[in-house]
Every structure is written in C-alpha cells, then in structure tokens.
Amino acid sequence: VIADVSFEGSGCAISKASASIMSAILKGKNKAEAERLFELFTGIVTGRIDPLGNLAELGKLAAFAGVAEFPVRVKCATLPWHTMHGALKGGGDSISTE
C-alpha cells in the first residue's frame, strides 16, 4: 500500500496540477491500483481511452481529459505519472515521456 506520496519540482501549471492530484489519489492505493490509474490516465490524456466511460474511476483526474486536444501538453500532464510508474518498477533509470 502506498502510505505517502509527495513531489518536489518546478514546471508548468499542468504538470504541477497533475502531480498534486496524482499524489492525493495514490495515497492508500496498492501497486496494482496505482498501475491501473497510470494506464487509465495516460490513455485518456493521449486520446486512446474515452474519459466518459471512466468518470467514476477518474474522479478529479477527469479534468485532464481536455489535454488530449493539445498534444504538446500531454508530456506535461504525464511526466509525474511516468515518474511514479518508474518508481513502482524500482528502476533507477531516467524517466522519459517518450
């Protein structure tokens, strides 16, 4: 179970908001739930998943659905999620949104 989550960094409003909401939502989740949210969130902001069918599961993350309309901002929204995903995998590798 994820007992605590925090972030430190600077960036645009989208990346900071994404990190902030992600941090709040992940507390108390287990690894499988966190991975599911990673797949769902990244799928929605990249336009692969329709957010309307997942509103209940998304909660406040649904606000990021519009990011899919601005491809240059997708990296901003997903960077904290890719970082979390990498941390859960336990790798010390650099994180990339590519």
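Contact here means heavy atoms within 4.5 Å. The model is predicted: local features need pLDDT of at least 70, side-chain atom pairs count only at pLDDT 80 or more, and totals for chains, interfaces and linings use all residues. Residues are numbered from 1 along each chain as its sequence is written, and side-chain values use heavy atoms, without hydrogens and water.

Helices are DSSP runs (H or I, at least four residues), numbered from the N terminus. In H1, Ile-14, Ser-15, Ser-18, Ala-19, Met-22 and Leu-26 meet Arg-73, Cys-76, Ala-77, Pro-80, Trp-81 and Met-84 of H4. By class, this contact of H1 with H4 has 9 nonpolar, 2 polar and 1 charged residues. Ala, Val, Leu, Ile, Met, Phe, Trp, Tyr, Cys and Pro count as nonpolar; Asp, Glu, Lys and Arg count as charged; the others, Gly among them, count as polar.

Helix H1 (13-26) and helix H4 (71-89) each supply at least two residues of the lining of the largest pocket. H4 gives the largest share, 8 residues. A pocket is an open set of points on a 1 Å grid over the protein atoms alone, where a 1.4 Å probe fits, with protein on both sides within 12 Å along at least five of seven lines; lining residues have an atom within 4 Å of a point. The largest pocket holds about 380 Å³ of space, the volume being the space filled by probe spheres set on the points, which are joined across faces, edges and corners. Of its 21 lining residues, Phe-7, Ala-19, Met-22, Pro-80 and Thr-83 are the closest to the centre. The lining has 12 nonpolar, 6 polar and 3 charged residues.
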